[in-house]
Amino acid sequence: MTATPSPPLDGRCLPAGCKELGLASPDEQPQLRADAARNRALLLEAASRLVAEEGMANLTMEAVAAAAKVGKGTVFRRFGDRFGLLLALLNQREEQLQAAFITGPPPLGPEAPALERLHAFGPAVIRHEHTHSDLYMAARTDAARHYTVPAHRLRLTHIAMLLRQIGAGGDTELLAQSLLSYLDPTLVHHLLTQRGMSVERLDAGWHDLVARLTAGAKG
């Protein structure tokens with residue numbers, strides 16, 4: 001029986017010409033007034049400073065308000081709760097990664113061949129998540145929400161696009177989900193800290209998985 005490929009992911013999320021997608025909730029207003037955007041940036045700067053100086057455990061809405069010299073209500077109005085603040089911080093970090101694989105230089109960027117980009121994607125994500133592991137772990141309190149945030153969707157769409165360009169065949173969305181599961185921040189953190197694996201070993205595992213999934217590629 002021939003498998004029926006799933007419909008293509010939303011083309012609007014494809015990296016070519018894709019607008020910035022982060023971890024903001026879908027109902028967040030796409031544009032903020034200039035003063036509101038300034039205040040948000042100041043609050044995030046204060047939060048980042050707190051994390052760097054005192055650690056993730058001491059990041060509270062009250063502490064951010066005190067560091068930014070604003071009322072606590074201002075922080076709650078801007079981010080809703082601590083989880084919303086964590087997602088906003090993570091969004092800043094995620095934008096750096098997105099810029100690298102959407103518009104950056106080879107081997108991640110669009111000028112490299114699709115297979116080369118796919119091989120480079122895993123190690124880049126692993127290192128990015130390892131660098132910001134405290135923030136990723138703190139933001140993973142709502143596991144179900146993880147699969148609906150725009151950043152996850154963008155990663156998934158990007159991998160699926162590369163698989164189609166390579167000519168991997170099969171159900172590219174499910175293959176992309178399988179590859180993306182390998183890069184799950186919780187799994188990466190567990191393998192590096194609890195299992196004592198090296199980043200290089202995870203890199204090698206990614207390359208092996210990509211090679212196996214694309215072995216029958218037409219292109």
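**Figure 1. The largest nonpolar core of the predicted model comprises 32 residues.** Within this core, Leu118, Phe121, Ile159 and Trp206 have the most contacts. Two or more residues each come from H4, helix H5 (114-131), helix H8 (150-166), helix H9 (172-182), helix H10 (185-193) and helix H11 (199-213). The greatest contribution is that of H8, which supplies 8 residues.

**Figure 2. Surroundings of Trp206.** When residues up to four places away in sequence are not counted, Trp206 touches Leu118, His119, Phe121, Gly122, Pro123, Ile159, Leu179, Tyr182 and Leu183. Trp206 is also listed with Leu118, Phe121 and Ile159 as having the most contacts inside the largest nonpolar core.

**Figure 3. A second, separate core contains 22 residues.** Its members include Leu44, Ala47, Met56 and Leu59.

**Figure 4. Packing of helix H1 (residues 34-54) against helix H4 (residues 82-102).** The two helices meet at an angle of about 90 degrees, and their axes lie 10 Å apart. H1 is therefore roughly perpendicular to H4. On H1, the contact is made by Arg40, Leu44, Ala47, Ser48 and Val51, and on H4 by Leu85, Ala88, Leu89, Gln92 and Arg93. Of the residues in this contact, 6 are nonpolar, 2 polar and 2 charged.

**Figure 5. The protein chain as a whole has 11 helices and 0 strands.** Of its 219 residues, 42% are buried. Among contacts between residues at least 6 apart in sequence, 70% join residues at least 24 apart. The chain exposes about 11,600 Å², of which carbon and sulfur atoms supply 55%.

Conventions:
Residues are numbered from 1 along each chain as its sequence is written. This is a predicted model: local features need pLDDT of at least 70, side-chain atom pairs count only at pLDDT 80 or more; totals for chains, interfaces and linings use all residues. Side-chain values use heavy atoms; hydrogens and water are left out. Axes are lines fitted to C-alpha atoms, for helices over the stretch in contact, and angles run from 0 to 180 degrees between N-to-C directions. Helices (H or I, at least four residues) and strands (E, at least two) are DSSP runs, numbered from the N terminus. Angles under 35 degrees count as roughly parallel, over 145 as roughly antiparallel, 65 to 115 as roughly perpendicular and the rest as oblique. Contact means heavy atoms within 4.5 Å. Ala, Val, Leu, Ile, Met, Phe, Trp, Tyr, Cys and Pro count as nonpolar, Asp, Glu, Lys and Arg as charged, and the others, Gly among them, as polar. Buried means under 20% relative accessible area, exposed over 50%, partly exposed in between (1.4 Å probe, protein chains only). Accessible areas come from the Shrake-Rupley method with a 1.4 Å probe; for residues, only the protein chains shown count as cover. A nonpolar core is a set of buried Ala, Val, Leu, Ile, Met, Phe, Trp, Tyr and Cys residues joined through side-chain atoms within 4.5 Å.
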